[in-house]
Amino acid sequence: MHTLAVARSVHGIEHLVAAEIRHAGLGVVREVRHREVWFEVTGPGALELRLADDVLLVGAVVDGVGPRRDALRRLASAAAGVDVRAVAAGGPPEPGERSRGVEVSASFLGRRAYNRYDIEDAVGPMLGRPYHSRRDGRVPPAGAASWRVTVEGERAVIALRAGARPLHRRAYKVRSVPGTLHPPLAAAMAYLAEPKGLVIDPCCGAGTTLIEAAALAPEARTLGFDRCGEAIAAAAANGPCLAWARADAGRVPLHSGSVDRVLVNPPWQRQVRLAGSGHRLWAELRRVLADGGRVVALVPEVPRGWAVLTRVDISLFGRHPILAIMTPDKS
Ligand SMILES: C[S@@+](CC[C@H](N)C(=O)[O-])C[C@H]1O[C@@H](n2cnc3c(N)ncnc32)[C@H](O)[C@@H]1O
């Protein structure tokens, strides 16, 4: 029997996560929901998903979890019925990882006569020992098998995190900058861009978009520019690139028509705006883009003079930017 899994994602890119699962032959997608893609695991490699925030292996789906405290008994009994070995076996092998006991993190919507710690302490001891409670701010040891309980309405899902840490936490990202991009969203930009030839980011920050593009298409040549020296140093610490260089996005040091793909999330929050001659960014991208080239941008609105080929509305940390594949509007 195949293990059922849930890939969690940024809202807006669920259908791209589903496509990534299908293309990678990881599983059969059963349902796409708000921030979740449910799939049956049919192949290895769930931890290689780049567009998902995390992958969880489903142990139990429990109905009738009401707001009263007797719901805790129902959850505990459902957890006791989980075949922990079979669930873990459905995920990737992680030698030694499951040897340090169990921790649980619970979340729920709506008013209830119990809190998250009550759920965790009801379920945790049923899933393995030693159980490490989070009550009173205690922090479970690294290496404990990490279970999640989510309760929505009267339905709860008890699931085991497939990897040792959430997928969105990339090992490469050792340095950051203000406004740095959530890696799965950068991966979604790269996925939409279909990187090839020369790929640039004129506001590269810590380099996330280009590092994700290189992971997807190692044959592409990547070049990252930023006006800020600290950003360039962060990008260089995070990953390799043809060059990480200081430059103003309004004066990209490249020949006209030489760039095949642009990935960019320019600063647009009130506190952080394009500096220097950044107001020329879009005119400059028009100049450097080769015929047939495309820009994939994460922006608050589509800039004037650009035609949108694909638009994905995102919801992230209370903001609602647009992920757009664009080409210069020649009409
Ligand atoms: C939202 S951040 C980009 C984050 C990046 N994608 C990442 O993952 O770290 C915007 C970047 O634009 C840079 N920037 C602002 N004005 C610029 C300009 N005129 N030219 C080039 N870079 C600029 C900032 O220094 C900042 O690093």
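What share of the contacts in the protein chain with a separation of 6 or more comes from residues 24 or more positions apart? I looked this up and found 65%, where two residues are in contact if their C-beta atoms, placed from the backbone, lie within 7 Å.

Before going on, I noted that this is a predicted model, in which local features need pLDDT of at least 70 and side-chain atom pairs count only at pLDDT 80 or more, while totals for chains, interfaces and linings use all residues. Residues are numbered from 1 along each chain as its sequence is written.

**Entry: the whole chain**

I counted 8 helices and 15 strands in the protein chain, helices being DSSP runs of H or I with at least four residues and strands runs of E with at least two, numbered from the N terminus. The radius of gyration of the protein chain is 22 Å, close to the 20 Å that the globule rule gives for 331 residues, so the chain is as compact as a globular protein of that length; the radius is taken over C-alpha atoms, and the rule is 2.2 Å times the number of residues to the power 0.38. Along the principal axes, the C-alpha atoms fill a box of roughly 65 × 40 × 40 Å.

**Entry: the domains**

The chain is divided into domain 1 (4–161) and domain 2 (183–328), with bounds that come from an automatic or database domain assignment. Their contact takes 11 residues from domain 1 and 12 residues from domain 2, and the C-alpha centres of the two domains lie 34 Å apart.

**Entry: the open sheet**

I traced 8 strands forming an open sheet with mixed pairing, in the order β2-β3-β1-β4-β8-β7-β5-β6; two strands pair if DSSP finds at least two bridges between them. At the edges stand β2 (27–33) and β6 (131–132), each with a single partner strand, so one side of each is left without a neighbour in the sheet. Helix α1 (residues 14–23) packs on this sheet, touching β1 (4–8), β2 and β3 (36–41), and its direction makes about 175° with that of β2; axes are lines fitted to C-alpha atoms, for helices over the stretch in contact, and angles run from 0 to 180 degrees between N-to-C directions. Helix α2 (residues 70–80) lies across β4, β7 (145–152) and β8, running at about 110° to β4.

I then checked two of the pairings. β2 and β3 are antiparallel over 6 bridges, with R33 bridged to E36, and they form a hairpin with 2 residues between them, where R35 in the turn has a positive phi of about 65°. β4 (residues 54–62) and β8 (residues 155–161) also pair in the antiparallel sense over 6 bridges, and A60 stands opposite I158 in β8.

**Entry: α5 and β12**

For helix α5 (residues 183–193) I found 11 of its 11 residues buried, a residue being buried if 20 or more other C-beta atoms lie within 10 Å of its own, exposed if 12 or fewer, and partly exposed in between, with C-beta atoms placed from the backbone. The buried residues of α5 pack against α1, α6 (208–216), β12 (259–264), β13 (289–299), β14 (306–313) and β15 (322–328). After α5 comes E194, with a positive phi near 45°.

In β12, 6 of the 6 residues are buried, so this strand is largely enclosed by the rest of the structure. β12 pairs in the parallel sense with β9 (residues 198–201) over 2 bridges, where I200 is bridged to V262, and with β13, likewise parallel, over 5 bridges, where R261 has R294 as its bridge partner.
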